[in-house]
Amino acid sequence: MQTKEIILELRTKKALTQEELAEKVFVTRQAVSRWESGETVPGTETLKLLSKLFDVSINTILGSPRKLICQCCGMPLDDVSISKEPDGSFNEEYCKWCYTDGKFIYTELSQLTDFLVEHTSNEKWPKEQARVFYEEELPKLKYWKNK
């Protein structure tokens, strides 16, 4: 779906008129109309307000143009798994299991690796193979590169 269709669908689900949505995000009704007709897209600050209002990520509002993955554990992210900041805004860098309430859960790579190996290995993907994979891939993620 395109941004225009997504904004219309989100507004409709909340049973808001264009005027009511405009008031909530501090724009004119005409601006909302232009978004829904595809003439324009909301600016960065308005996207943040829409994200918070509709409880979806900015990525979702924009039609999921990027495939998001947690920059700590590598898990694919969607609106249910994306972490939130203490103010309720989405943090599209991390999953809610790695980053919660403004704090990182895993501070040591070995701690996360052990957890993932224990919870993702099975008969077809033995622990030894899982460990080699995670030890090779996790250090490539932003969070671990910065450590």
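This is a predicted model: local features need pLDDT of at least 70, side-chain atom pairs count only at pLDDT 80 or more; totals for chains, interfaces and linings use all residues.

**Pocket and helix packing**

Trainee: Which residues line the largest pocket?

Mentor: Numbering starts from 1 along each chain as its sequence is written, and side-chain values use heavy atoms, without hydrogens or water. A pocket is an open set of points for a 1.4 Å probe on a 1 Å grid over the protein atoms alone, with protein on both sides within 12 Å along at least five of seven lines, and lining residues have an atom within 4 Å of a point. Here the lining is K48, S51, K52, I58, S89, F90, N91, E92 and E93.

Trainee: What volume does that pocket have?

Mentor: Volume is the space filled by probe spheres set on the points, joined across faces, edges and corners. For the largest pocket, that comes to about 160 Å³.

Trainee: Which element gives the most to its lining?

Mentor: Helices (H or I, at least four residues) and strands (E, at least two) are DSSP runs, numbered from the N terminus. α4 (44-54) and β2 (90-95) each supply at least two lining residues. With 4 residues, the top contributor is β2.

Trainee: How many lining residues are charged?

Mentor: Asp, Glu, Lys and Arg count as charged, Ala, Val, Leu, Ile, Met, Phe, Trp, Tyr, Cys and Pro as nonpolar, and the others, Gly among them, as polar. The lining has 2 nonpolar and 3 polar residues, and the charged ones number 4.

Trainee: At what angle do α1 and α3 pack?

Mentor: Axes are lines fitted to C-alpha atoms over the stretch in contact, with angles from 0 to 180 degrees between N-to-C directions. For α1 (residues 3-13) and α3 (residues 29-37), the axes are 6 Å apart and the angle is about 125 degrees.
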